[in-house]
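This report walks through one chain, from a single residue out to the whole fold. Please keep the sequence and the model in view while reading.

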Amino acid sequence: MSTSVDSDTAVPPAIETRALTKYYGTVRGIEAVDLVVEQGEVFGFLGPNGAGKTTTIRTLLDFHRPTSGTATVLGLDSRVDYVEIHCRTGYLPGDLELYDRLTGRALTNWLARLRGTEDLSERDSLAERFRLDLDRPIRDLSKGNRQKVGVVQAFMHMPELYMLDEPTGGLDPLMQEEFRVLLREVVGRGATVFLSSHSLDEVERAADRVGVIRDGRMIIVDSVKALRARAKRHVVMRFTEAVDRAEFANLPEVTDVTATDQELRMTVSGSLDAVVKTASRHTVVDFVSQPADLEEIFIDVYRASGENV
């Protein structure tokens with residue numbers, strides 16, 4: 001006896017765009033963005049300032065109407081169902097602006113009423129966790145504490161989807177780590193996180209998959225693990241005697257070979273097999289192979305797409 005899955009009951013992606021395009025007059029914002037973010041994942045959205053990250057988020061949330069293309073958020077049409085999408089989403093903008101005359105408590109009380117949220121225990125728990133004094137006027141808060149107000153208002157109603165644009169800007173390292181713990185917790189309960197950032201370290205620590213945008217166009221979407229697998233490795237070897245660098249410089253996928261006394265340094269793309277076999281002809285004192293960090297991978301991806309960095 002066979003069974004089939006009713007397509008109507010399938011879980012839709014948290015975010016799906018098809019050829020999503022936004023122009024401001026003749027100025028390009030984003031163009032033909034195709035993107036799928038599955039529910040329950042942390043998706044890192046990378047690109048330098050001006051690449052189109054914020055425009056993408058604002059178009060998904062219908063703060064900007066697309067010039068063309070389509071977008072669904074939580075299975076809902078971003079243009080038709082934006083009110084419901086906003087209710088089910090926690091949004092932290094990169095250019096956070098707050099009502100300076102209000103206290104953090106008054107502001108979050110007002111936002112809770114707009115959302116129909118009666119239980120403020122999560123708000124209070126987050127404020128305590130991030131060491132935020134809710135009773136101080138916002139105008140008296142430092143940049144870091146203003147950012148904490150933004151974090152609290154985005155998370156306090158425990159939404160299904162978090163749209164976070166440069167979320168840790170202004171937070172000190174201790175609070176940044178607490179924020180990363182918080183992300184793991186919300187994903188653990190099934191929520192989805194769309195994390196836009198130009199901080200490669202932030203995305204690397206938090207994301208399952210990464211999308212890179214350049215000049216308003218997506219140039220790559222892949223898992224952090226897959227990006228690392230294709231990355232170059234930095235190899236340092238030390239021998240008991242000086243070794244001719246040409247032995248390694250002529251190997252396939254080996255570049256940037258330098259020699260200093262008994263030490264050789266090089267960059268290797270792909271397998272280390274040929275390097276190890278060549279090194280075995282000599283007496284090796286030390287062998288260190290270190291993968292490129294995400295920043296180097298990011299730069300390589302940008303260069304491959306024709307962008308100067």
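Glu 263 lies in strand E13. Helices (H or I, at least four residues) and strands (E, at least two) are DSSP runs, numbered from the N terminus. The model is predicted, so local features need pLDDT of at least 70 and side-chain atom pairs count only at pLDDT 80 or more, while totals for chains, interfaces and linings use all residues. Residues are numbered from 1 along each chain as its sequence is written, and side-chain values use heavy atoms, with hydrogens and water left out.

Is Glu 263 buried or exposed? Glu 263 counts as buried, because its relative accessibility is 18%. Buried means under 20% relative accessible area, exposed over 50%, and partly exposed in between (1.4 Å probe, protein chains only). The side chain of Glu 263 makes a polar contact with the side chain of Arg 238, at 3.4 Å. A polar contact is a pair of N or O atoms within 3.5 Å; within protein, one must be able to donate a hydrogen and the other to accept it, and residues adjacent in sequence count only if both atoms are side-chain atoms. Neighbours within four places in sequence aside, Glu 263 is in contact with Val 236, Met 237, Arg 238 and Thr 258. Contact means heavy atoms within 4.5 Å.

## The sheet around E13

E13 belongs to an open sheet of four strands, ordered E12-E13-E11-E14, with antiparallel pairing. Two strands pair if DSSP finds at least two bridges between them. Strands E12 (254–260) and E14 (284–291) stand at the edges; each has a single partner strand, so one side of each is left without a neighbour in the sheet. On average, neighbouring strands of this sheet are turned by 15 degrees against each other, direction ignored. Axes are lines fitted to C-alpha atoms, for helices over the stretch in contact, and angles run from 0 to 180 degrees between N-to-C directions.

E12 and E13 (residues 263–268) pair in the antiparallel sense over five bridges. Val 254 stands opposite Val 268. Ala 259 stands opposite Leu 264.

## A second sheet

Another open sheet runs E2-E1-E4-E5, again four strands with antiparallel pairing. Its edge strands are E2 (27–37) and E5 (76–77), and each pairs on one side only. Two bridges join E4 (residues 68–73) to E5. Val 73 stands opposite Leu 76 in E5. Helix H1 (residues 53–60) packs on this sheet, touching E1 (15–24), E2 and E4. The direction of H1 makes about 110 degrees with that of E1.

## Helix H5 and its cover

Helix H5 (residues 143–155) has 13 residues. From first C-alpha to last it reaches 19 Å, close to the 18 Å expected at 1.5 Å a residue. That expected span is 1.5 Å times one less than the number of residues. Eleven of the 13 residues of H5 are buried, so H5 is largely enclosed by the rest of the structure. Among them are Asn 145, Gln 147, Lys 148 and Phe 155.

What covers the buried residues of H5? The cover includes strand E6 (89–92), helix H3 (104–115), helix H4 (121–129), strand E7 (161–165) and H6. Arg 123 is found in H4. Arg 123 is buried, with a relative accessible area of 4%. The side chain of Arg 123 makes a polar contact with the side chain of Asp 124, at 2.6 Å. Not counting residues up to four places away in sequence, Arg 123 touches Arg 105, Thr 108, Asn 109, Leu 134, Val 152 and Met 156.

## Nonpolar cores

The largest nonpolar core has 43 residues. Such a core is a set of buried Ala, Val, Leu, Ile, Met, Phe, Trp, Tyr and Cys residues joined through side-chain atoms within 4.5 Å. Phe 155, Leu 164, Leu 183, Val 186, Val 193 and Val 210 touch the most other members. Helix H6 (residues 173–188) gives the most to this core, with six residues. A second, separate core of 23 residues includes Leu 20, Leu 35, Ala 71 and Leu 161.

## The whole chain

The chain has eleven helices and 14 strands. Its C-alpha trace spans about 75 × 55 × 50 Å along the principal axes. Of its 309 residues, 43% count as buried.
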